[in-house]
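Visitor: I have a model open and would like to learn how to read it. Could you walk me through it, feature by feature?

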Amino acid sequence: MAEKTSKLYAIVHAKCPHCRRGDVFTGSMYGFNIQHTKEVCSRCGQRIEIEPGYFYAAMYVSYAMNVVEMLIVSFIIYLLVGPLEDNTFWTYLIVIFAGCFILSPFNYRYSRIILLHILSPNIKYKPYYDNP
Ligand SMILES: [Zn+2]
């Protein structure tokens, strides 16, 4: 019996929620190949976009991630340059926008992964696909 893939591993490595082995995305998170979400898992053949428009819900996840990230970035800026005042205003603004920009591929990827793995009870892990 092959070892089964843990849910955490599948989430971190952006794997298919059905077999935990196939990649959900083409391309890499940061690279010249722009990442796309596959329609069907190339390993187990399950549809990844289970219904049309399914990934619109990922926008809300992405929005929540953005808010959390902005709070974290703001806190880091606070530690570095002090409270938000007139003379630190642009530092806050630029760093927060740069942070959102840099993190957007990450958010794109993980909002969909969170939606697929955590927020979709209809998508079931199928251990019989999870073998080499
Ligand atoms: Zn799969």
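Visitor: Which residues does the UniProt annotation "transmembrane region" cover?

Guide: This is a predicted model, and the annotation comes from an unreviewed UniProt entry, which assigns "transmembrane region" to residues 53–77 and 89–108. Residues 53–77 are 84% helix and 0% strand, with end C-alpha atoms 37 Å apart. For residues 89–108 the span is 100% helix, and the end C-alpha atoms lie 28 Å apart.

Visitor: Which residues of α3 are buried?

Guide: They are Tyr110, Ser111, Arg112, Ile113, Leu115, Leu116 and His117. The buried residues of α3 pack against α1 (7–12), β2 (36–37) and α2 (57–81).

Visitor: What makes up the largest nonpolar core?

Guide: In soluble globular proteins, nonpolar side chains tend to be buried together. In this chain, the largest nonpolar core has ten residues, including Cys16, Cys19, Cys41 and Ile48. Helix α3 (residues 89–117) gives the largest share, four residues. Cys41 touches Cys16, Cys19 and Ile48, among others.

Visitor: And the overall fold: what pattern does the chain follow along the sequence?

Guide: The pattern is α-β-β-α-α. The radius of gyration is 18 Å, well over the 14 Å that the globule rule gives for 132 residues, so the chain is more spread out than a compact globule. Of those 132 residues, 17% count as buried.

Conventions
Residues numbered from 1 in each chain as written. Predicted model: local features only at pLDDT ≥ 70, side-chain atom pairs only at ≥ 80, totals over all residues. Core = buried A, V, L, I, M, F, W, Y, C linked by C-beta atoms within 7 Å. Buried ≥ 20, exposed ≤ 12 C-beta atoms within 10 Å, placed from the backbone. Helix = DSSP H or I, 4+ residues; strand = E, 2+ residues; numbered from the N terminus. Contact = placed C-beta atoms within 7 Å. UniProt positions renumbered as here; feature names shortened; annotations may be inferred. Rg over C-alpha atoms; globule rule 2.2 N^0.38 Å. Lists of a residue's contacts leave out its neighbours within four places in sequence.
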